[in-house]
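Please read the points alongside the sequence and the coordinates.

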Amino acid sequence: MTQFYTDVMGNRHGRAAPDARIACLVPSITELICDLGLAAQLVARTGFCIHPRELVREVPKVGGTKDVDLAQLEALAPTHVVVNIDENTRETAEALRASVPHVIVTHPLGPEDNFGLYRLLGGIFGRETEAAALCARLAGVMGGIAGLEGRRLRRVLYLIWRDPWMTVSRDTYISRTLARFHWLTEPATADARYPVINLPEAAKGVDEILLSSEPYPFRAKQVEEIRALCPGVPVRIIDGEMTSWYGSRAIEGLQYLSRFTRGEAVYEPEPPLDLVTGDSSADTPRPGHGGVVYVRGEPVVLSARRKGSVGGPGGMRP
Ligand code: B12
């Protein structure tokens, strides 16, 4: 009997042939595909699909998550393309349906949805063992945070963009992930999944403002700017890959948040990506660790070498 795997749109996908050609337009899922042992079958990715660096380096890039070069992608003849409702546009998915046999649609909305994501891709591409191993690791980490029930509720404003200031609504992966640690994002209700806000207004009454390191590359300069706009509210940079990358990174992400929500985690900024193409640092070697780290939101200079790189977004186009 043929087995089918159903994606979030209700599309059924059979078991792929061993030589399936996979394109992935979702950065965090590209990493998952590699962690499932499928890197050799990846024929296309976006410029923002940067992990695992060594494995994706050789995979052709077909634009950004929102501006996919369809002609370039189709020329690579994928049999399967993985998209996500938040990351990609409906137009991209619909256009691809005309030429690609399988468009796999994803939309994880909380850490628990990673189990289904691992099983969906593991099932379609014959990597059940690898998917089961990831599920076991995730279950272990989620079991570890289940005992935080006594924790005090903390109200946070999580900023993802500047000019205009944007945040996340409660039904997003980021918000639901933070909620696992009893951190509730404000505002409690919003008319968009990623609402534009009036910053000083939205910060009223929150315990802390979190600046996500992506998609806007918030750095020390913006910490100062926001402290001035919202006096008295603590401001801290948080590693956006740890809060918004569903897929295999979610396991590390939950561990990071366990530490971060206890005030222990450090965010060490890397050189930012080019905001338009993701290109500038995706394939170029990054400087080693060292430089500036953030300890409880405060920049701490570890070495003089990167001191100058932290003050501003240098070369980026927000
Ligand atoms: C909100 C936001 C996010 C959110 C949500 C996802 C998203 N990308 O929209 C979060 C914080 C999770 C996020 C993460 C990332 N983001 Co972002 N993000 C934004 C932001 C600030 C606003 C976009 C927005 O308004 N989205 C909400 C609206 C458009 O989407 P929507 O209402 O949900 O509507 C869409 C869906 O409903 C979808 N849809 C509806 N029905 C269906 C059906 C199907 C089948 C599908 C597929 C889609 C679909 O189509 C609609 C139109 O896109 C923009 C910058 C900006 N100011 O525009 C960057 C931006 C989109 N992000 C970007 C990037 C690169 C990322 C990251 C890769 C991080 C990074 N390196 O910067 C990550 C990836 C995370 C991952 N898991 O892999 C880039 C894309 C660049 C490009 N040229 O393509 C932008 C433009 C920022 C930039 N650098 O300029 N991001």
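1. Two strands are taken as paired if DSSP finds at least two bridges between them. The model discussed here is predicted. On that criterion, strand β3 (residues 22-24) pairs with β5 in the parallel sense, over three bridges. Within this pairing, Ile 22 has His 80 of β5 as its bridge partner.

2. Strand β5 also runs parallel to strand β6 (residues 102-106), and five bridges join them. Here Asn 84 is partnered by Thr 106 in β6.

3. Strand β5 (residues 80-84) has five of its five residues buried, so the strand is largely enclosed by the rest of the structure. In a regular strand the side chains alternate between the two faces of the sheet. Both faces of β5 are covered: one side carries His 80, Val 82 and Asn 84, the other Val 81 and Val 83, and all are buried.

4. Helix α1 (residues 27-35) is likewise largely enclosed by the rest of the structure, because nine of its nine residues are buried. After α1 comes Gly 37, with a positive phi near 85°.

5. The largest nonpolar core holds 69 residues, and those with the most contacts inside it are Cys 24, Ile 33, Leu 159, Ile 209 and Leu 211. Domain 1 (4-143) and domain 2 (151-269) each contribute at least three residues to this core. Leaving aside residues up to four places away in sequence, Leu 211 touches several residues, including Leu 159, Phe 218, Val 235 and Ile 238.

Notes:
Residues numbered from 1 in each chain as written. Predicted model: local features only at pLDDT ≥ 70, side-chain atom pairs only at ≥ 80, totals over all residues. Core = buried A, V, L, I, M, F, W, Y, C linked by C-beta atoms within 7 Å. Buried ≥ 20, exposed ≤ 12 C-beta atoms within 10 Å, placed from the backbone. Domains from an automatic or database assignment. Contact = placed C-beta atoms within 7 Å. Helix = DSSP H or I, 4+ residues; strand = E, 2+ residues; numbered from the N terminus.
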